[in-house]
Amino acid sequence: MEEELVERTSGRVLVIVPTYNECENLPMIVGRLRAALPDVHLLIADDNSPDGTGKIADELAEKDDHIHVMHRPRKQGLGAAYVAGFQWGLAEGYDILVEMDADGSHQPEELHKLLDAVAEGADLAIGSRWVPGGKVVNWPASREFLSRGANTYSRLMLGMPVRDATAGFRAYRAATLEKVGLEDVESQGYCFQVDLTLRTVRRGLRVAEVPITFVERTAGASKMNRGIMTEAFWRIAVWGVNGLPGRLRRKS
Ligand SMILES: Nc1nc2c(ncn2[C@@H]2O[C@H](COP(=O)(O)OP(=O)(O)OP(=O)(O)O)[C@@H](O)[C@H]2O)c(=O)[nH]1
Ligand SMILES: [Mg+2]
């Protein structure tokens with residue numbers, strides 16, 4: 001089944017991995033992805049990491065024509081790195097664009113499940129921690145509380161039928177990204193994920209949630225901070241208020 005899918009999507013899937021100070025994780029995650037799905041291409045979008053992650057990415061790309069590197073001048077947030085990566089991938093003609101973290105939380109060995117969901121008709125497939133069968137390994141209770149809380153807050157504010165709207169392991173059809181539009185995306189932190197989920201849902205496109213096992217990073221530091229949480233809180237509130245007239249109209 002897996003081999004069949006690789007055949008079918010040969011050379012047309014681009015996995016975008018944004019990096020900031022991931023020198024300990026990048027070779028591991030690239031090796032695992034290349035072994036799991038040898039035909040997919042990889043774009044590393046590095047924000048000039050002070051720990052030399054960009055140089056490691058160049059060395060990996062030199063030896064492997066499936067690996068591409070985008071060097072960005074400074075840390076500008078996950079959202080900006082993904083928008084730039086998506087735009088590059090669309091211009092290069094990839095059919096499916098995947099988001100994946102560099103820290104091992106998203107297991108390349110599970111990527112085929114997302115690609116299967118897209119092959120079966122999803123416009124966006126989300127690797128979900130919070131649907132039946134989804135799991136999180138090695139998270140402290142505080143982190144689980146934060147993720148569940150952020151998702152409940154998003155669901156209430158936005159009325160989206162998605163359990164894990166903040167998830168960062170996902171596969172988009174190219175056409176989905178073209179339809180939702182990337183030019184005016186302002187979200188920087190993890191609310192970027194909620195932003196694109198909302199854009200996809202509001203355009204009536206099909207979102208599938210696939211259960212995954214999310215594994216907390218064992219090396220390198222998290223980039224999650226108070227600023228990222230504050231940004232998410234406010235932006236989601238504004239999107240919720242802006243979308244309210246439409247939700248009320250649909251109910252009446
Ligand atoms: N290019 C770029 N990548 C980033 C930036 N911030 C985070 N990343 C990358 O985005 C991915 C997710 O960031 P993490 O720090 O793991 O954030 P998180 O998954 O919410 O936090 P943890 O679960 O604690 O690891 C990782 O591959 C990071 O290196 C950024 O500003 N620019
Ligand atoms: Mg992480």
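I began with strand β5 (residues 124–128), which pairs with β8 in the parallel sense over five bridges. Pairing here needs at least two DSSP bridges between two strands. Strands are DSSP E runs of at least two residues, helices are H or I runs of at least four, and both are numbered from the N terminus. In this pair, leucine 124 stands opposite valine 207 in β8.

A note on the source: this is a predicted model, in which local features need pLDDT of at least 70, side-chain atom pairs count only at pLDDT 80 or more, and totals for chains, interfaces and linings use all residues. Residues are numbered from 1 along each chain as its sequence is written, while chains are lettered from A and ligands numbered from 1 in the order in which they are written.

**Sheet**

Next I traced the whole sheet. Seven strands form an open sheet with mixed pairing, ordered β3-β2-β1-β4-β7-β5-β8. Which are the edge strands? They are β3 (67–71) and β8 (207–211), each of which pairs on one side only. From one strand to the next, the twist averages 20°. Angles run from 0 to 180 degrees between N-to-C directions, and axes are lines fitted to C-alpha atoms, for helices over the stretch in contact.

**Helices on the sheet**

I then looked up what packs on the sheet. α2 lies across β1, β2 and β3 and runs at about 170° to β1. α3 also packs on the sheet; it touches β1, β2 and β3, and its direction makes about 150° with that of β3.

**α2 with α3**

The axes of α2 (residues 26–36) and α3 (residues 53–62) come within 10 Å and cross at roughly 30°. That makes α2 roughly parallel to α3, a term for angles under 35 degrees. The crossing of α2 past α3 is right-handed, meaning that the near helix is turned clockwise from the far one by less than a right angle. Leu26, Pro27 and Val30 of α2 meet Thr53, Ile56, Ala57 and Leu60 of α3. Contact means C-beta atoms, placed from the backbone, within 7 Å. I sorted these residues by class: six are nonpolar, one is polar and none is charged. Nonpolar covers Ala, Val, Leu, Ile, Met, Phe, Trp, Tyr, Cys and Pro; charged covers Asp, Glu, Lys and Arg; the others, Gly among them, are polar.

**α9 and its partners**

I took α8 (residues 191–202) with α9 (residues 226–251) next. Their axes come within 9 Å and cross at roughly 20°. α8 is therefore roughly parallel to α9. Their crossing is right-handed. Cys191, Val194 and Leu198 of α8 touch Glu231, Ala232, Arg235, Ile236 and Trp239 of α9. This contact has six nonpolar, no polar and two charged residues.

α6 (residues 141–158) comes within 8 Å of α9, axis to axis, and the two cross at roughly 20°. So α6 and α9 are roughly parallel as well. From α6, the contact takes Ala150, Tyr153, Ser154, Met157 and Leu158; from α9, it takes Ala232, Ile236, Ala237, Trp239, Gly240 and Gly243. Eight of these residues are nonpolar, three polar and none charged.

**Ligand 1**

How many residues surround ligand 1? I found 21, the closest being Pro18, Ala81, Ala102, Ser222 and Lys223. A residue is near the ligand if its C-beta atom, placed from the backbone, lies within 6 Å of it. β1 (13–19), β2 (41–46) and α4 (78–91) each give two or more residues to this shell. By class, the shell has eight nonpolar, five polar and eight charged residues.

Definitions and conventions: Angles under 35 degrees count as roughly parallel, over 145 as roughly antiparallel, 65 to 115 as roughly perpendicular and the rest as oblique. Two residues are in contact if their C-beta atoms, placed from the backbone, lie within 7 Å.
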